Amino acid sequence: MAVEIKSKIVSYSVKKAVEEAPLADENPLTVRIPSRPEGTLEAVSEKISYVGAEGRKKVYLLVSFMPVEGVLDGKRVVIERPVEFFFPSGQLSSEHQWITATMRSLSLAARGGYVTQAVADLRKVAWDKGLVRCGMNRWGKPMFHDSEVAAIAWSIQQILYRRGFLDQDGNQVPVEELVSRYAHRLTHGHPWQPPTLEEEARAEQQAKAQAQDKEKGDGPTVVGHCPECRGELIMMDGCPTCYAGCGWSKCG
């Protein structure tokens, strides 16, 4: 709408946009979830088999996940967190009561933001019935645990590792990496996948090669090998000289 100005303009100013206050940081790893949300959640079903003093046993567990929002460096981010550990019906014998109780406690810990520590504490539980064999380590060797509780806790850590929430040793993946992995999932349509044994071996070889190249780059350039002690020759004052310390020099 046009406005007619009948008086003299003596000054003016440009109206500035109102700046929004920066968002306060809120770590999505520790955001408390009051209760399991209604509706369907993505879940992983796992059959856990272990062998102890009482023979071979197997149990089935369900771990549910959901996206959780937070704020990092003033920006809204999303990660995926476990929120529920469930022991399906049909496994309700007296020997399974402790597993049911433990899963309920883990669910509370997951929604409270401290499930990583809770599972790590369960790995320390020991009993007097001997070691329990469950699972294989990264080198293909059987894993032995101090109790059934510890064996199931290790299995839960492996579920969370394959989902990208923990590393292979049960440590918490940094929140920045969790943000990246969830963004990767939204982009590619599938969750993050742990590296294969071949990929891990290749990465280790590349890291070793880079370290060796760096060590070589920090020292003098090698121009050959000493005919006396087979040590490395370097250029000193224009002459190839033994760097190993035997004193040989091509210039005498």
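Which strand holds R56? R56 sits in strand β2, residues 55–72.

**View 1. Overview of the predicted chain.** This is a predicted model, in which local features need pLDDT of at least 70, side-chain atom pairs count only at pLDDT 80 or more, and totals for chains, interfaces and linings use all residues. Residues are numbered from 1 along each chain as its sequence is written, and side-chain values use heavy atoms, with hydrogens and water left out. The protein chain has 5 helices and 8 strands. Helices (H or I, at least four residues) and strands (E, at least two) are DSSP runs, numbered from the N terminus. Along the sequence their order is β-β-β-α-α-β-β-α-α-α-β-β-β. Of the 252 residues in the protein chain, 34% are buried. Buried means under 20% relative accessible area, exposed over 50%, and partly exposed in between (1.4 Å probe, protein chains only).

View 2. Two strands pair if DSSP finds at least two bridges between them. β1 and β2 are antiparallel, with 11 bridges. K47 has Y60 in β2 as its bridge partner. The hairpin of β1 and β2 has 2 residues between the strands. β2 also pairs with β3 (residues 75–86), again antiparallel and over 11 bridges. The hairpin of β2 and β3 has 2 residues between its strands, and D73 takes a positive phi near 55°.

**View 3. The hairpin of β7 and β8.** Strand β7 (residues 232–236) runs antiparallel to β8, joined by 4 bridges. M235 has P240 in β8 as its bridge partner. The turn has 2 residues between the strands, and D237 there shows a positive phi of about 55°. In β8 (residues 239–242), C239 and T241 point one way, P240 and C242 the other. All four are buried.

**View 4. Salt bridges around E80.** A salt bridge is a side-chain nitrogen of Lys or Arg within 4 Å of a carboxyl oxygen of Asp or Glu. The whole structure holds 12 of them. E80 and R163 form one, at 2.9 Å from N to O. The two lie 83 residues apart, E80 in strand β3 and R163 in helix α3 (residues 148–163). E80 is buried at 14% relative accessibility, and R163 is buried at 16%. R185 also meets E80 in a salt bridge, at 2.6 Å from N to O. R185 is in helix α4 (residues 175–188) and E80 in strand β3, so this pair ties together parts 105 residues apart in sequence. R185 is buried too, at 15%. Shared partners join E42, E80, R163 and R185 into one network of salt bridges.

**View 5. The salt bridge of R36 and E84.** The closest N and O atoms of R36 and E84 are 3.0 Å apart. R36 lies in the segment before β1 and E84 in strand β3, 48 residues apart. R36 is partly exposed at 30%, whereas E84 is buried at 19%.

**View 6. L29 and V175.** L29 is in the segment before β1 (42–52). Its relative accessibility is 13%, so L29 counts as buried. The C-alpha atoms of L29 and V175 are separated by 6.9 Å, although the residues are 146 apart along the chain.
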